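Dear colleague,

Here is the structure I promised to pass on, and my notes on its aromatic pairs and on one of its helices follow below it.

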Amino acid sequence: MSSLGFVGGCGGLVSPRKVQTTRRSRVVRSVIEAKPSEAVQYKIPEGESAFRARPAKVLPDGVSLTDVVRTMPKEVFEIDERKSWLHVLVTAVAVPLSLVAIHFSPWYLLPLAWFVAGTAATGIFVIGHDAGHNSFSKNQKLNDIVGNVSLSMLIYPFEPWRIQHNIHHRNTNMLRDRDDPEGFVADNAWQPLQKSMFTGVRNPRAFAKALKLVWTTLWYQLSILHWVNYHFNPKKFTEKQLPKVKVSWLCCAIFAGIAFPTLFALGGPWAFVKFWLMPWLGYHFWMSAFTLIHHTAPHIQFTDKSEWNAAKAQLSGTVHCDFPRWIEILCHDINVHIPHHVSTKIPSYNLKAAHEAIKKNWGPYINETSFSLKLCDEIISNCQVYEDGEYITYDQAERLVAKQLNAN
């Protein structure tokens, strides 16, 4: 009898699971039938902050991520390998053309050529990204081959990245418990700094200044630290995972062993810097920028494991950002980020259609903005340390720690 409950005036027996499902359906129906208005915008009018708006509504607790997925048309989940290979063709044309542009550019146009080449190289990553989520092809082996070949050109080992990236998706916007010596799996792609980092530091003021200097001047290359920290350490992988991990390391070594000596032979160190290193740094600019913008705004919440909610984290905790169309084409719409977090099974060429469906049904609960350097500057200037559900600056964090130390 403990597994049953009484529901309704007639006293019929209905399982609690069915009751819960019925209640959730009512919640979802009420959200959908409310005919949501436009998504929350925080575009930057002249003289105003990028973050003037906050989400109009908090996603009801009864809504699950599955409920959101069910509101999207089935077509957005369909894999069309012709479109996948069309993305490969676009990148296979764009990357060589950008290298030709580098070759013929006078010195004063090289930064522009490197920027374009780095953007085109980001397309290589997105192709591997689809393969990593098995949305490039229905064939698992082909996904593995495409992923290893593409990401090895960026010296980005495919299998280590896939393992770590899936952890990010399973735990989006989940805070790492820095006071727990054992630790637990949390969001490993974007983790805001917390005030507890200052605890035990001999000189909090100097520490805050150092962090501020690195954050404000090198944020656009911080993805390199993530690349080094998460993708080449065998201790971060299980014995079962290591065989495929080693294959990806080998693929990167093979590419580097062929491409780098060839560049040195053809043009010395300058050829390596000119045709690979600088475009690679341009690619990491986009990796850093996309990650920063997609997961950072003053109102976006990071929560502890005990309070974490998948629907709220994936739907309302990520950001859609519009870029100039040529960048979106070369990067295969990776900027359309919300549907990718709602379901990683959506191929990149269906992300825009999926976003429109989400916007139609869940508009008040999602965040949208447009790319600009001012947007990046506001994020960097304001979203520095996460404390008690909101962002503060490094200087504010240092003063709070100093105040606590003086009180003790």
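F260 and F272 are both buried (under 20% relative accessible area, with exposed meaning over 50% and partly exposed in between, for a 1.4 Å probe and protein chains only). Please bear in mind that this is a predicted model, in which local features need pLDDT of at least 70 and side-chain atom pairs count only at pLDDT 80 or more, whereas totals for chains, interfaces and linings use all residues. Residues are numbered from 1 along each chain as its sequence is written, and side-chain values use heavy atoms, with hydrogens and water left out.

The structure holds 30 aromatic pairs, counted where the ring centres of Phe, Tyr and Trp (its six-membered ring) lie within 6.5 Å, with planes under 30 degrees apart called stacked, over 60 edge-to-face and the rest tilted. One of them joins F115 and W326 edge-to-face, at 6.2 Å centre to centre and 70° between the planes. F115 belongs to helix α4 (residues 110–132) and W326 to helix α11 (residues 325–330), so this pair ties together parts 211 residues apart in sequence; helices here are DSSP runs (H or I, at least four residues), numbered from the N terminus. F115 is partly exposed at 31% relative accessibility, and W326 is partly exposed at 39%. F260 and F272 also pair edge-to-face, at 5.0 Å and 80°.

In helix α7, the residues P204, A208, L211 and W215 are buried. They cover an arc of only 65° around the axis (taken from the directions from the helix axis to the C-beta atoms), which puts them on the same side of α7, while R205, K209 and L213 are exposed on the other side.

Best wishes

Conventions. Helix = DSSP H or I, 4+ residues; strand = E, 2+ residues; numbered from the N terminus.
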